[in-house]
Structure formats: structure tokens, C-alpha cells
Amino acid sequence: MDPLTHVLASYTLKRAAFPRTPRSTTIAMLIAGTIADIDVFSKFAGPSAFLTLYRTYCHSLPAALLFSLLVTLPFLLRKPTANENPLPPIPIFLAALSAAVIHPLMDLCQSTGVELFWPFSPRHFALDWLPHLDLWIMGILLAGILLAVLSGLVTEEIGAKSKGPRGKVAASLALATVILYIVLRFVLHGNAVAALESRTYRGESPRQVAAIPESGSPFRWHGIVETASALYDVEVEVGPAASFDPDSAITSFKPQPSPALDAARDTVVARRFLQVARFPKATVEKTPDGFHIILRAFPYNRDASSSLRVHAEIETDPHGRILSQQLAWDPGSQRPL
């Protein structure tokens with residue numbers, strides 16, 4: 001998710017689950033709930049570092065535990081003043097841990113996914129339920145916070161006494177609504193995948209499909225289909241009276257097998273790229289020295305998670321021997337400053 005949504009989610013969680021803890025707990029939860037996104041700065045180290053670090057190590061559950069310990073450590077080392085009661089570290093740690101864990105779990109619901117169990121497993125998990133920027137979740141969380149502020153102003157105006165911690169009810173309702181919304185996304189995602197799998201594309205059955213969520217509506221999905229000879233980019237609508245036309249898909253044919261392409265796919269940079277790319281698409285160009293091969297993530301003109309995109313470039317001679325290989329930013333990608 002985007003950083004603002006993570007901030008709102010951490011603050012709402014604090015209001016709902018830890019309403020009586022001091023302000024320092026709020027600070028700890030906000031830091032623990034957003035610090036995982038520090039891996040985005042790996043872009044300044046180049047495309048190879050970005051491909052290795054983004055949404056991997058920092059977005060794992062062991063990293064969430066480590067971040068929570070680091071956030072709690074200053075409260076353990078801080079010496080309270082004479083008139084100040086020491087803050088118990090265990091509640092602060094548990095609050096920070098809850099916010100830190102929610103971060104990778106929310107990102108797990110996206111198409112980019114996370115390496116949830118690093119370093120024990122390098123497997124990448126992606127559920128494809130939520131877009132990178134979900135305006136509905138952001139609106140629900142903001143509504144929960146603003147409702148609590150408005151309720152507090154009304155209570156003060158009429159001089160009534162609050163029966164519980166301020167904002168707890170509104171925050172709890174907001175979190176419950178977000179959970180129900182994610183469940184709805186899960187159901188609609190299944191419908192979109194089923195629609196993609198039930199059709200044929202130019203007479204071929206799908207080998208694998210994906211339904212990528214869109215920000216504007218949970219009833220509109222971006223479909224990606226791979227068959228034996230091509231990749232397809234198609235819009236999918238689900239829900240009442242929804243229709244799906246597989247003939248409207250944009251087609252990108254796969255290149256013919258060749259020794260140069262096989263050699264390129266066996267390079268170090270290609271293997272690293274193929275670990276991340278769910279729908280890799282190769283292009284092969286003849287050059288005076290041999291072949292220029294590019295491996296990119298399909299579709300080229302969309303990225304559901306980030307404006308930064310990486311591809312692999314390999315040069316071979318006419319016989320398929322590797323001349324050069326590198327990871328590079330896509331030409332249309334947002335370059336780091």
C-alpha cells in the first residue's frame with residue numbers, strides 16, 4: 001500500500017486496540033507501521049539493488065519483529081524524570097509489533113507481494129486483491145478518524161462525559177469496514193479469475209492468468225492471460241450484469257524459440273529477473289553482432305505497484321554466446337533523482 005494508507009492504518013489500529021496507552025505508543029506504532037517502506041530507497045543504488053531489496057527483506061514477518069524491537073529500545077534506554085512514571089516496555093512493544101505486522105499483511109494483498117517468511121523461505125506471495133493505492137480503504141480510514149474528532153467536538157460542546165476512550169468506537173468500525181471490504185475484494189477477485197480461465201484466446205486455453213485490481217472500483221480488474229503462443233492484456237468487469245469480451249484483449253506474441261533466447265534466459269541477470277517477473281515477455285532483435293534480447297514484465301504500460309520498473313538486457317553473438325548482460329530501468333519508468 002502507499003505510505004499514507006499505512007500511516008492511517010497504524011493510527012486507526014492504535015485508537016481501536018490500544019486507546020489508553022500514552023502518546024509515545026502512537027509514535028512507536030506510526031514508525032513501526034511505516035518503516036518497512038524504507039526499502040524503496042534502494043532505487044538510488046540502481047536497478048539491480050532495487051530488484052533485490054524492494055518488497056523483500058524489510059516486508060517479512062521476522063523484519064516486523066526486528067523493527068518492533070528497535071522502536072521499543074529507546075523507551076527502554078530512556079531514564080524518566082523524577083515526576084514521571086516509567087513507561088512499561090511490553091505494551092509499547094506489542095503495540096508496535098501489531099502495526100509492524102499489519103504492514104506486510106496489507107502489502108501481501110497486492111500484486112507485487114512480499115517475501116513474507118524471509119530468511120527462512122525466498123518464496124514471493126501476492127494475493128492480487130488490493131491495488132497499490134486503494135482510495136476506498138484510504139477513505140474508510142480517514143472517515144473513522146474524522147468521525148472520532150467530530151464526536152469529540154460534539155461531546156465537549158454539550159458538556160457530556162465520554163463513556164470510553166475517545167475514538168475507539170469509530171476506529172473499531174473503520175477497521176471492521178476495511179476487513180469487510182477486503183473480503184469483498186477477495187470474492188470479486190475469484191470471480192475475475194474464473195472469468196479469465198473460462199475463455200479461450202485465439203483458440204488457445206490459458207496456461208496461467210492473473211486479475212490485477214484497479215483503484216477506482218472493486219468491480220473492475222485488469223486481466224493478464226498467458227497461452228502457449230502469446231500474452232494478453234484485457235479488462236474484466238465483475239458483478240451484476242457484468243460482461244467480459246476476450247476478443248478485446250491486446251495481444252503480444254511470444255518470440256520463436258532460438259539458441260540465443262535460451263542462452264539469454266540462462267544468464268545470471270535473467271534468472272534474477274525471472275524470480276520476480278510473473279509474466280515475463282521476451283523481445284529478440286537481430287543486430288550486426290548477433291542478437292539483442294530484452295526481458296520485461298508484461299504488460300509494459302502498466303505497473304500495479306510502483307512507477308519504477310526494471311528489465312533485463314542481454315547481448316549474444318550469432319551462435320548464442322553471451323556478450324553482455326545487465327539489469328536496467330525501463331525507458332518509461334520513473335528514474336530516481
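Buried means under 20% relative accessible area, exposed means over 50%, and partly exposed lies in between, with a 1.4 Å probe and protein chains only. Lysine 286, at 59% relative accessibility, therefore counts as exposed. This lysine belongs to strand S5 (residues 280-287). Lysine 286 and aspartate 317 are separated by 31 residues in sequence and by 9.8 Å in space, C-alpha to C-alpha.

Some ground rules before going on. The model is predicted, so to speak with conditions: local features need pLDDT of at least 70, side-chain atom pairs count only at pLDDT 80 or more, and totals for chains, interfaces and linings use all residues. Residues are numbered from 1 along each chain as its sequence is written, and side-chain values use heavy atoms, leaving out hydrogens and water.

**The chain as a whole**

The protein chain holds nine helices and eight strands; these are DSSP runs numbered from the N terminus, with helices being H or I of at least four residues and strands E of at least two. Of the 337 residues in the protein chain, 45% are buried. Contact here means heavy atoms within 4.5 Å. Taking contacts between residues at least 6 apart in sequence, 57% join residues at least 24 apart.

**Two nonpolar cores**

A nonpolar core is a set of buried Ala, Val, Leu, Ile, Met, Phe, Trp, Tyr and Cys residues joined through side-chain atoms within 4.5 Å. The largest one has 19 residues, and those with the most contacts inside it are Phe50, Phe273, Leu295, Val310, Ala312, Ile314 and Leu327. At least two residues of this core come from each of helix H3 (47-53), helix H8 (259-265), helix H9 (268-276), strand S6 (290-297), strand S7 (310-316) and strand S8 (322-329). Another core, of 17 residues, lies apart from it and includes Val193, Ala195, Val209 and Val236.

Back to leucine 295: leaving aside residues up to four places away in sequence, leucine 295 touches Ala270, Phe273, Lys281, Ala282, His311, Ala312 and Ile314.

**H1 against H5**

Helix H1 (residues 3-17) packs on helix H5 (residues 89-108) at an angle of about 135 degrees, with the axes 10 Å apart. Axes are lines fitted to C-alpha atoms, for helices over the stretch in contact, and angles run from 0 to 180 degrees between N-to-C directions. H1 and H5 are therefore oblique to each other; angles under 35 degrees count as roughly parallel, over 145 as roughly antiparallel, 65 to 115 as roughly perpendicular and the rest as oblique. On the H1 side the contact is made by Thr5, His6, Ala9, Ser10 and Leu13, and on the H5 side by Ser98, Ala99, Ile102, His103, Met106 and Asp107.

**Backbone details in the loops**

Two peptide bonds to proline are cis, and two residues other than glycine have positive phi.

| Feature | Angle | Loop |
|---|---|---|
| Trp118 to Pro119, cis | omega near 5 degrees | Pro119 between H5 and helix H6 (135-158) |
| Phe298 to Pro299, cis | omega about -5 degrees | Pro299 between S6 and S7 |

Are arginine 55 and aspartate 128 buried or exposed? Arginine 55 is buried, with a relative accessible area of 1%, and aspartate 128 counts as buried at 4% relative accessibility.
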